[in-house]
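Notebook open, one chain to go through.

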Amino acid sequence: MKIIKQILPIVLFSISITAFSQNPIVVTVSPAPVSMDTLRSFVVVIPQTILKDVEKDWLKYLRRGSKGKATEANGVNLQTGAVNKNISAEPFNVYSRLISTTGGVRLNVWLGEISISKVPNSGQHLAVQKYVYDFVVQQYRHAVEAELKTERAKQQKLGNDLAGYIKSEEKSTKTVNANERTTERAKDAITTNNGDIQNSTD
């Protein structure tokens, strides 16, 4: 029983470490086709996420402060009139595509109607990366919180199961001890009875 009590916390801790090991979030840039053009694409994989949840939140994220409509065609979302003063003083169009992968959800983002600097560390370039990165961090946090909630529920169940096993074993031990005492008393009674019989015979 002591061994079970000692091992369980270690097992639960190992589950937590495995479940919530951090995955690096990197927004890369590469040319990719969208609509009729090939534009600079900002690409990132959002770990441990589900496509439908990410898509819903991404469209909401794009609409924040936007002055245009959102449309979808051939798997590509288009948000017109998106607003982010760090990227452009004027509203701009954002093309995006979300694809489910084994590692999470891959997000491709293209910006239309404005010229994105080709210099990797330019202010505008970093502003677009941050625009995408902030969303990804938000989604990853939600995914980890949801998984943490699930793992805590599992741990709680394991704890409850262990408490049940301990209680059951304690009850069984008490029953065995009580039976042993009853057996000993019966043996003593038999011994006494045999002595009485022997005395009577004598």
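Before counting elements, I note what counts: helices are DSSP runs (H or I) of at least four residues and strands are E runs of at least two, numbered from the N terminus. This is a predicted model, and for local features I need pLDDT of at least 70.

**Entry 1: the fold**

I looked up the secondary structure and got three helices and six strands. Reading from the N terminus, I wrote the order down as α-β-β-α-β-β-β-β-α.

Next I checked how much of the chain is covered. Of the 202 residues, 30% are buried. The exposed surface comes to about 13,400 Å², and 55% of that is supplied by carbon and sulfur atoms.

I also looked at sequence range. Taking contacts between residues at least 6 apart, I find that 54% join residues at least 24 apart.

**Entry 2: hairpins**

I went to S5 and S6. They pair antiparallel over nine bridges, and the hairpin they form has two residues between the strands.

Is S6 mostly covered or mostly open? Mostly covered: eight of its nine residues are buried.

Then S3 (residues 70–73) and S4. These run antiparallel too, joined by four bridges. Ala 73 sits opposite Val 76 of S4. This hairpin has two residues between its strands, and in it I found Asn 74 with a positive phi near 55°.

**Entry 3: Thr 80**

I listed what Thr 80 touches beyond its neighbours within four places in sequence: Ser 66, Lys 67, Gly 68, Lys 69, Phe 92 and Asn 93. I also took the C-alpha distance from Thr 80 to Leu 62, which is 9.1 Å for residues 18 apart in sequence.

**Entry 4: the core**

Which residues have the most contacts inside the largest nonpolar core? I get Trp 58, Leu 107, Val 109 and Val 132, in a core of 25 residues. The elements giving two or more residues to this core are S2 (37–47), H2 (51–63), S5 (92–101), S6 (104–112) and H3. H3 brings the largest share, seven residues.

Setting aside its neighbours within four places in sequence, I see Trp 58 in contact with Val 94, Ser 96, Leu 98, Leu 107, Val 109 and Phe 135.

**Entry 5: aromatic rings**

A search of the whole structure gave me four aromatic pairs. I wrote up two that involve Tyr 61.

One is Tyr 61 with Tyr 131, a tilted pair with 5.3 Å centre to centre and 40° between the planes. Tyr 61 is in helix H2 and Tyr 131 in helix H3, 70 residues apart, and I note this as a link between distant parts of the chain. Both Tyr 61 and Tyr 131 are buried.

The other is Tyr 61 with Phe 135, also tilted, at 5.1 Å centre to centre and 45° between the planes. Here Tyr 61 is in helix H2 and Phe 135 in helix H3, so the pair ties together parts 74 residues apart in sequence. Phe 135 is buried, as is Tyr 61.

Putting the rings together, I have one aromatic cluster made of Trp 58, Tyr 61, Tyr 131 and Phe 135.

**Entry 6: charges**

How many salt bridges does a search of the whole structure find? One. I traced it to the side chains of Lys 130 and Asp 134, with N to O at 2.7 Å.

Where do Lys 130 and Asp 134 lie? Both are in helix H3 (residues 123–201), four residues apart, which is about one turn of the helix.

Lys 130 has 48% relative accessibility and so goes down as partly exposed; the cut-off for exposed is over 50%. Asp 134, at 32%, is partly exposed as well.

How values were computed: Residues are numbered from 1 along each chain as its sequence is written. This is a predicted model: local features need pLDDT of at least 70, side-chain atom pairs count only at pLDDT 80 or more; totals for chains, interfaces and linings use all residues. Side-chain values use heavy atoms; hydrogens and water are left out. A salt bridge is a side-chain nitrogen of Lys or Arg within 4 Å of a carboxyl oxygen of Asp or Glu. Buried means under 20% relative accessible area, exposed over 50%, partly exposed in between (1.4 Å probe, protein chains only). A nonpolar core is a set of buried Ala, Val, Leu, Ile, Met, Phe, Trp, Tyr and Cys residues joined through side-chain atoms within 4.5 Å. Contact means heavy atoms within 4.5 Å. Rings of Phe, Tyr and Trp (its six-membered ring) pair if their centres lie within 6.5 Å; planes under 30 degrees apart count as stacked, over 60 as edge-to-face and the rest as tilted. Accessible areas come from the Shrake-Rupley method with a 1.4 Å probe; for residues, only the protein chains shown count as cover. Two strands pair if DSSP finds at least two bridges between them.
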